[in-house]
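Please keep the sequence and the model at hand while reading.

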Amino acid sequence: MKKFHLSAKDKKIAGVCGGIAEYFKIDSLIVRIAFVVLVLCCGIGAIAYIVLALLAPKA
């Protein structure tokens, strides 16, 4: 069973986007662009990023 965790090798700030990309086996650039779009559209991306950065286990 795979579990979500913060990425230790593919991180820019906290490793959230890299961890999501590793979990879904997609490119981390796609996840980063999605977070930027969510931040610019409604701000929910920033809140989600902070919550995941604080609560997700480290790799």
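**The salt bridge and its surroundings**

D10 counts as partly exposed because its relative accessibility is 25%, whereas R32, at 18%, counts as buried; here buried means under 20% relative accessible area, exposed over 50% and partly exposed in between, computed with a 1.4 Å probe on protein chains only. The side chains of these two residues, D10 and R32, meet in a salt bridge with an N to O distance of 3.3 Å, the term being used for a side-chain nitrogen of Lys or Arg within 4 Å of a carboxyl oxygen of Asp or Glu. The pair links distant parts of the chain, 22 residues apart, with D10 in the segment before α1 (16–24) and R32 in helix α2 (residues 28–41). A search of the whole structure finds one salt bridge.

**Basis of the values**

This is a predicted model, in which local features need pLDDT of at least 70 and side-chain atom pairs count only at pLDDT 80 or more, while totals for chains, interfaces and linings use all residues. Residues are numbered from 1 along each chain as its sequence is written, and side-chain values use heavy atoms, with hydrogens and water left out. Helices (H or I, at least four residues) and strands (E, at least two) are DSSP runs, numbered from the N terminus.

**The nonpolar core**

The largest nonpolar core has nine residues, namely L6, V16, C17, I20, A21, V31, F35, Y49 and A56; such a core is a set of buried Ala, Val, Leu, Ile, Met, Phe, Trp, Tyr and Cys residues joined through side-chain atoms within 4.5 Å. Its largest share, four residues, comes from α1.

I20 touches F4, V31, F35 and L52, when residues up to four places away in sequence are not counted, contact meaning heavy atoms within 4.5 Å.

**Packing of α1 on α3**

α1 and helix α3 (residues 44–55) pack at an angle of about 80°, with their axes 10 Å apart; axes are lines fitted to C-alpha atoms, for helices over the stretch in contact, and angles run from 0 to 180 degrees between N-to-C directions. The contact is made by V16, C17 and I20 of α1 together with Y49, L52 and A53 of α3.

**Packing of α2 on α3**

For α2 and α3 the packing angle is about 125°, and their axes lie 5 Å apart. In this pairing F35, L38 and V39 of α2 meet I44, G45, A46, A48, Y49 and L52 of α3.
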